[in-house]
Amino acid sequence: MEAIEAVPTNETLKGVLPKTYARPTLDKTMLGELVDLFSNIKLHDSNDRARDLLGRVYEYFISGFASAEGKRGGEFFTPRSVVRTLVEMLEPYQGRVYDPCCGSGGMFIQSEKFIEEHGGRPDDIAVYGQEINHTTWRLAKMNLAVHGIDADIGWDSAGSFHKDSHPNLKADYILANPPFNISDWGGDRMTEDVRWQYGTPPKGNANFAWIQHIIHHLAPRGHAGVVLANGSMSSQTSGEGEIRKQLIEQDRVDCMVALPGQLFYSTQIPVCLWILSRDKSANGLRDRRGEVLFLDARNMGHMVDRVRREFSDEDIEQISGTYRRWRAKPETLEAKGWEAYADEAGFCRSEGLETIRKFDHVLTPGRYVGAADAFDDGEPFEEKFATLQAKLKAEFTHTSKLQQVVMEALGRVTQND
């Protein structure tokens, strides 16, 4: 580990790697087997293959560790389904990418993979982040190093609110999964902060502090994707409703996505995605000012074990593709061969500010998308009604017969007594 840190090109790993492998409690045989295992892996075939293999191994173990840790695992790991959905929606091809609570760095890894899959170069993005937990910060530094990503990741025990590592940063893309509903964020010490442009966040919940911190760091044409608890879409307590109203009226909300429960290791509750934009008329996209897209994905995904759900590639494409088509210009739709966006009952709907005002600025997608169209099997209503009526009469007859049998049996019991 010391030799790796001593390599000049590994400057970012100084003091990061663990060096506890000589402790007496460690099984020496197991350690030797681990060294042999890595010695026999052909990492020298090519630099790209070695980096990809080590990176995937590192991601696999972080995911496994998060699963084993349960609730604590959610502090440093965002499920791949959620990260991929955010990245596919925002399309961070180039520019500055920022995460103010970066955990183990999964948002950055998926951003780089997205660029590579679409023929771009990883060098087209500059990565910035911050993490409050020192151990998690080390995980992120190692994760980015094995993926070959050069990043400016700050650490401070005070956190992004109180000791911002990048105070002057204006990012083109921000992807974040802040801790849900955190109450001890120190809001009582920063009631007059320059970041609170839409209202002072409540001292007992940091959700809207995170949103405003993120918007503060957005470039004039920047976009952000934030994972938050569902309460952020509808809460009216402690001034949260007024902050949400200001965000909507000042046209910062681009899209809202309701996610299913059981996606996270740390909680079983369903969460949502806030897609925010500084300027909804710019960046080569169509003018979306005064509009918000609502997506209800609560019934999507599949269970991978008894307690956890994941999105398939098709699920992610359905969500991200709908958003991309909704904000695309007509010429973009034509050039890429995409179908024009259309509302779909039960899944997506584009609404204007007037309708959102009627709902008191509540952003829960279920209120807007309506119910899915019922399946039409082609049977005329009259015939279907007659069939159901006959079935119901048959059930009533069967129930009466069973009731008679039970009463006769009870009578025999009484006579025997």
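The secondary structure of the protein chain comprises 14 helices and 11 strands, where helices (H or I, at least four residues) and strands (E, at least two) are DSSP runs numbered from the N terminus. The model is predicted, so that local features require pLDDT of at least 70 and side-chain atom pairs count only at pLDDT 80 or more, whereas totals for chains, interfaces and linings use all residues. Residues are numbered from 1 along each chain as its sequence is written, and side-chain values use heavy atoms, with hydrogens and water left out.

Of the 417 residues of the protein chain, 43% count as buried; buried denotes under 20% relative accessible area, exposed over 50%, and partly exposed in between (1.4 Å probe, protein chains only). Among contacts with a sequence separation of 6 or more, 70% are accounted for by residues 24 or more positions apart, a contact being heavy atoms within 4.5 Å.

A nonpolar core is defined as a set of buried Ala, Val, Leu, Ile, Met, Phe, Trp, Tyr and Cys residues joined through side-chain atoms within 4.5 Å. The largest such core has 48 residues, and those with the most contacts inside it are Met89, Ile153, Cys255, Val257, Leu273, Leu295 and Ile319. Helix α4 (residues 80-90) supplies the largest share of this core, 6 residues. Apart from this core lies another, of 38 residues, which includes Leu228, Leu247, Trp274 and Ile356. When residues up to four places away in sequence are not counted, Leu273 touches Val82, Thr85, Leu86, Met89, Val226, Val227, Cys255, Met256, Val257 and Leu259.

Helix α4 also packs against helix α5 (residues 106-117), at an angle of about 50° and with the axes 9 Å apart. Axes are lines fitted to C-alpha atoms, for helices over the stretch in contact, and angles run from 0 to 180 degrees between N-to-C directions. The arrangement of α4 and α5 is therefore oblique, given that angles under 35 degrees count as roughly parallel, over 145 as roughly antiparallel, 65 to 115 as roughly perpendicular and the rest as oblique. Arg80, Val83, Arg84, Leu86, Val87 and Glu88 of α4 meet Gly106, Met107, Gln110, Ser111, Phe114 and Glu117 of α5.

Helix α8 (207-216) is largely enclosed by the rest of the structure, because 10 of its 10 residues are buried. Trp210, Ile211 and His213 are among these buried residues. The elements covering them include β1 (95-99), α7 (159-162), β4, β5 (218-229), α9 (240-249) and β7 (271-277).

The loop between β4 (171-176) and α8 contains Asp184, which is exposed, with a relative accessible area of 65%. Asp184 and Asn205 are separated by 21 residues in sequence and by 7.8 Å in space, C-alpha to C-alpha. Gly199 lies in the loop between β4 and α8 and is partly exposed, at a relative accessible area of 22%. Leaving aside neighbours within four places in sequence, Gly199 is in contact with Gln212 and Ile243. Gly199 and Gly239 are 40 residues apart in sequence, with a C-alpha to C-alpha distance of 7.8 Å.

A search of the whole structure finds 0 disulfides, a disulfide being a pair of cysteine sulfur atoms within 2.5 Å. The cysteine sulfur closest to that of Cys102 belongs to Cys101 and is 7.9 Å away, too far for a bond. Cys102 is buried, with a relative accessible area of 5%, and Cys272 is likewise buried, at 0% relative accessibility.
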